[in-house]
Amino acid sequence: ILRGGAVVAAQAVNLERTSLRLAGLHSYCIITTLFMGGAIRLCLSTPRSVQVDSPRVENIAKNLFMSIVTLSIASGSHTTIVFALLGLYSKTALGLGKDAAF
């Protein structure tokens, strides 16, 4: 039961909207994890040698591929951790009644 009349009722948190926002954070986390898993799978399933005429081109292609895959795995890990912590902090702020911080 809310006390204080209309002032408190106006300041009450809209839980439906809040749950929708938190579900959106989890969606970002899941999508990023799927992309990261795809990058790891691509890295592990790609053959290490390519049949080209020049060994220089082969080295450039391998290094470029590994750099891009490493960058996508690192950024995916960072994004997953950030969105997971953001969801955790949002739930903590709501649980402590700090709606403005949420």
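The model is predicted: local features need pLDDT of at least 70, side-chain atom pairs count only at pLDDT 80 or more, and totals for chains, interfaces and linings use all residues. Residues are numbered from 1 along each chain as its sequence is written, and side-chain values use heavy atoms, with hydrogens and water left out.

Q: How are the rings of Y28 and F83 arranged: stacked, tilted or edge-to-face?
A: Rings of Phe, Tyr and Trp (its six-membered ring) pair if their centres lie within 6.5 Å; planes under 30 degrees apart count as stacked, over 60 as edge-to-face and the rest as tilted. Here the ring centres of Y28 and F83 are 5.1 Å apart and the planes meet at 20 degrees, so the pair is stacked.

Q: Is L71 buried or exposed?
A: Buried means under 20% relative accessible area, exposed over 50%, and partly exposed in between (1.4 Å probe, protein chains only). L71 lies in helix α3. Its relative accessibility is 60%, so L71 counts as exposed.

Q: How many disulfides does a search of the whole structure find?
A: A disulfide is a pair of cysteine sulfur atoms within 2.5 Å. C29 is buried at 14% relative accessible area, and C43 is buried at 12%. The number of disulfides found is zero.

Terms used
Helix = DSSP H or I, 4+ residues; strand = E, 2+ residues; numbered from the N terminus.
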